[in-house]
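Take a look at the model first, then follow along.

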Amino acid sequence: MFAPGVKMYPNPSSGVITLEMPFEGPEATLEVLSLTGQVMLSRQAFSNGGMINETIDLSELSKGMYMIRVDGQSLNSGVVLNYVLTNL
């Protein structure tokens, strides 16, 4: 399940997803990981009014399932590309 207040869509995805979540602090490290733990994408996300609202382009990644991590904390959800976001 997603943490309270976290939205990640669309699911399934054809490559571009949106992540919306409450976040204390000015910025966070957003990572997309393979199921083996390899970091496939890493970038800074910035909070505006206590919320992160990021569009993430995953179209360069192979079809499959990926995990999303923000500041080292897994969102307990995955993204499958076909591309798919799914609760784990």
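Glu-31 and Arg-69 join their side chains in a salt bridge, with N to O at 2.7 Å. Glu-31 sits in strand β3 (residues 27-34) and Arg-69 in strand β6 (residues 64-70), so this pair ties together parts that are 38 residues apart in sequence. Keep in mind that this is a predicted model.

How many salt bridges does the structure hold? There are 2. In the other one, Arg-43 pairs up with Glu-54, and the closest N and O atoms are 2.3 Å apart. Here Arg-43 belongs to strand β4 (residues 39-48) and Glu-54 to strand β5 (residues 51-57), so the link ties together parts that are 11 residues apart in sequence.

| Residue | Relative accessible area | Class |
|---|---|---|
| Glu-31 | 14% | buried |
| Ala-45 | 0% | buried |
| Asp-71 | 39% | partly exposed |

Back to Glu-31 for a moment. The pairing with Arg-69 also shows up as a polar contact between the two side chains, at 2.7 Å. Which residues does Glu-31 touch once those up to four places away in sequence are set aside? They are Val-39, Leu-41, Ser-42, Met-67, Ile-68 and Arg-69.

## The overall layout

Zooming out, the protein chain has 0 helices and 8 strands. Reading from the N terminus, the elements go β-β-β-β-β-β-β-β. The chain has 88 residues, and 41% of them count as buried. Its accessible surface comes to about 4,800 Å², and carbon and sulfur atoms account for 52% of that.

What about the inside? The largest nonpolar core has 19 residues, and Leu-19 and Leu-75 are the ones touching the most other members. Strands β2 (16-22), β3, β5, β6 and β7 (73-81) each put at least two residues into this core.

Leu-19 is worth a look for its contacts. Ignoring neighbours within four places in sequence, Leu-19 is in contact with Val-6, Lys-7, Met-8, Leu-30, Ile-52, Asn-53, Glu-54, Ile-56, Val-70 and Leu-75.

## Hairpins around β4

Strand β4 pairs on both sides in what follows. With β3, β4 runs antiparallel, and 7 bridges join the two. Within that pairing, Ala-28 stands opposite Ala-45 in β4. The two strands form a hairpin with 4 residues between them, and in the turn Gly-37 has a positive phi of about 95°.

With β5, β4 pairs in the antiparallel sense over 2 bridges. Ser-47 stands opposite Ile-52 in β5. This hairpin has 2 residues between the strands, and Gly-49 takes a positive phi near 65°.

Ala-45 is found in strand β4, and with a relative accessible area of 0% this residue is buried. Which residues is Ala-45 in contact with, leaving aside neighbours within four places in sequence? They are Pro-26, Glu-27, Ala-28, Leu-30, Ile-52 and Glu-54.

Now for a few backbone details.

Asp-71, in the loop between β6 and β7, has a positive phi of about 50° although it is not a glycine. This residue is partly exposed, with a relative accessible area of 39%.

Note on methods: Residues are numbered from 1 along each chain as its sequence is written. This is a predicted model: local features need pLDDT of at least 70, side-chain atom pairs count only at pLDDT 80 or more; totals for chains, interfaces and linings use all residues. Side-chain values use heavy atoms; hydrogens and water are left out. A salt bridge is a side-chain nitrogen of Lys or Arg within 4 Å of a carboxyl oxygen of Asp or Glu. Buried means under 20% relative accessible area, exposed over 50%, partly exposed in between (1.4 Å probe, protein chains only). Accessible areas come from the Shrake-Rupley method with a 1.4 Å probe; for residues, only the protein chains shown count as cover. A nonpolar core is a set of buried Ala, Val, Leu, Ile, Met, Phe, Trp, Tyr and Cys residues joined through side-chain atoms within 4.5 Å. Contact means heavy atoms within 4.5 Å. A polar contact is a pair of N or O atoms within 3.5 Å; within protein, one must be able to donate a hydrogen and the other to accept it, and residues adjacent in sequence count only if both atoms are side-chain atoms. Two strands pair if DSSP finds at least two bridges between them.
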